[in-house]
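The following paragraphs lead the reader through one protein chain, from its overall features to a few individual residues. Please keep the sequence and the structure in view while reading.

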Amino acid sequence: KASDVTLSHPDFEDLVDEIVRLHGFDAVPGISPKVAMQVSAHSEAVIFKDRIKDAMRIFGFSEVYNYSFISDRDAAQAEGVVALENPVSRDFACLRVSLEPHLMHNVADNFRYQDSVKLFEVGKVFHVVQGNVSERMMLGIIVGDKKENPLLHVKGVVGKLMENLGLIDCVFVLEKNGEELRIESDHHVMGVLRNI
C-alpha cells in the first residue's frame, strides 16, 4: 500500500541525542578530545619578528602597539590607500600605508613628559596594488630628541640590527642633502631613514 508520508534521514547529532536519552547521560564515558598538534606555518616569520623585537629592546627602544587604522587626514597624504566602506569614525577611516603617522603621534604624546623618546613598532601596512589589497609586515623605528638630530643614532641602531639578523651587505645611500638615508642590500631598497 502506498503511503504519502516521507521519512527524512535523521542528522547524526539528532541520532546521538536520542541514543543518549535512551541509555542516560551517566552511561556516556568522559573522554578528553584528541587534537593533532601542528607546527605553525608562520613559525619562521614569528621567530624572525621576535628576534627583531629582542634586539630593539636591547638597544634601549620601547615597543608600541598602534591601530591598523588611520584618519582620513593622514591618509590624504599617501598613495594607494585602502579606504574602509563603513568606518566607525573619521579617525579610523582607512587602513594605514605606513607606521609613521602613529609613531609621530606617540612621540608627540611622550614629549609632554620627556625630552628624548626611542620607540619601535612591528606591524602590518596595507596598499592597493592593481585593485587588490596587499599587506606587508614592517618595522618602524623613531627617535625623538628635543636637543639633537637623532638621524645618525638611528643609522647606528639599524646597522647593528642588520648585523644581528645576518644582513652584513647592507649599505646606506645619502639622499636629499643628508636629510635622508636609503637602506639598500643587493640593489634592493629595504627602507629609508629620514628626519621628520
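The mean positions of the 21 positive and 30 negative charges of the chain lie 5 Å apart. In this count Lys and Arg are positive and Asp and Glu negative, while His and the chain ends are not counted; each charge is placed at NZ of Lys, CZ of Arg, CG of Asp or CD of Glu.

The model is a predicted one, in which local features need pLDDT of at least 70 and side-chain atom pairs count only at pLDDT 80 or more, whereas totals for chains, interfaces and linings use all residues. Residues are numbered from 1 along each chain as its sequence is written, and side-chain values use heavy atoms, with hydrogens and water left out. The average pLDDT of the chain (the predictor's confidence in each residue, from 0 to 100) is 85, and 93% of the residues score at least 70. Over residues 1-7, however, the pLDDT is below 50, and this stretch has zero contacts in the model beyond near neighbours in sequence; a contact means heavy atoms within 4.5 Å. Where pLDDT is low, the predicted coordinates should not be read in detail.

Five helices and nine strands make up the secondary structure of the chain. These are DSSP runs numbered from the N terminus, with helices (H or I) of at least four residues and strands (E) of at least two. Along the sequence they follow the pattern α-α-β-β-α-β-β-α-β-β-α-β-β-β. The radius of gyration of the chain is 27 Å, well over the 16 Å that the globule rule gives for 196 residues, so the chain is more spread out than a compact globule. That radius is taken over C-alpha atoms, and the rule is 2.2 Å times the number of residues to the power 0.38. Taken along the principal axes, the C-alpha atoms fill a box of roughly 95 × 40 × 35 Å.

Of the 196 residues, 27% count as buried. Buried means under 20% relative accessible area, exposed means over 50%, and partly exposed lies in between (1.4 Å probe, protein chains only). Among contacts between residues at least 6 apart in sequence, 52% join residues at least 24 apart.

Serine 116 lies in strand β5 (residues 116-129) and is partly exposed, with a relative accessible area of 36%. Leaving aside neighbours within four places in sequence, serine 116 is in contact with Phe111, Gly144 and Asp145. Serine 116 and glycine 24 are 92 residues apart in sequence and 69 Å apart in space, C-alpha to C-alpha.

Further along, lysine 176 occupies the loop between β7 (170-175) and β8 and is exposed at 59% relative accessibility.

Is glutamate 180 buried or exposed? Glutamate 180, in strand β8 (residues 180-185), is buried, with a relative accessible area of 14%. Not counting residues up to four places away in sequence, glutamate 180 touches Val173, Leu174, Glu175, Val192, Leu193 and Arg194.

The loop between β8 and β9 (188-194) holds aspartate 186, and histidine 187 lies in that loop as well. Aspartate 186 has a positive phi of about 55° although it is not a glycine, and phi of histidine 187, also a residue other than glycine, is near 65°. Aspartate 186 is exposed at 64% relative accessible area, and histidine 187 is exposed at 77%.
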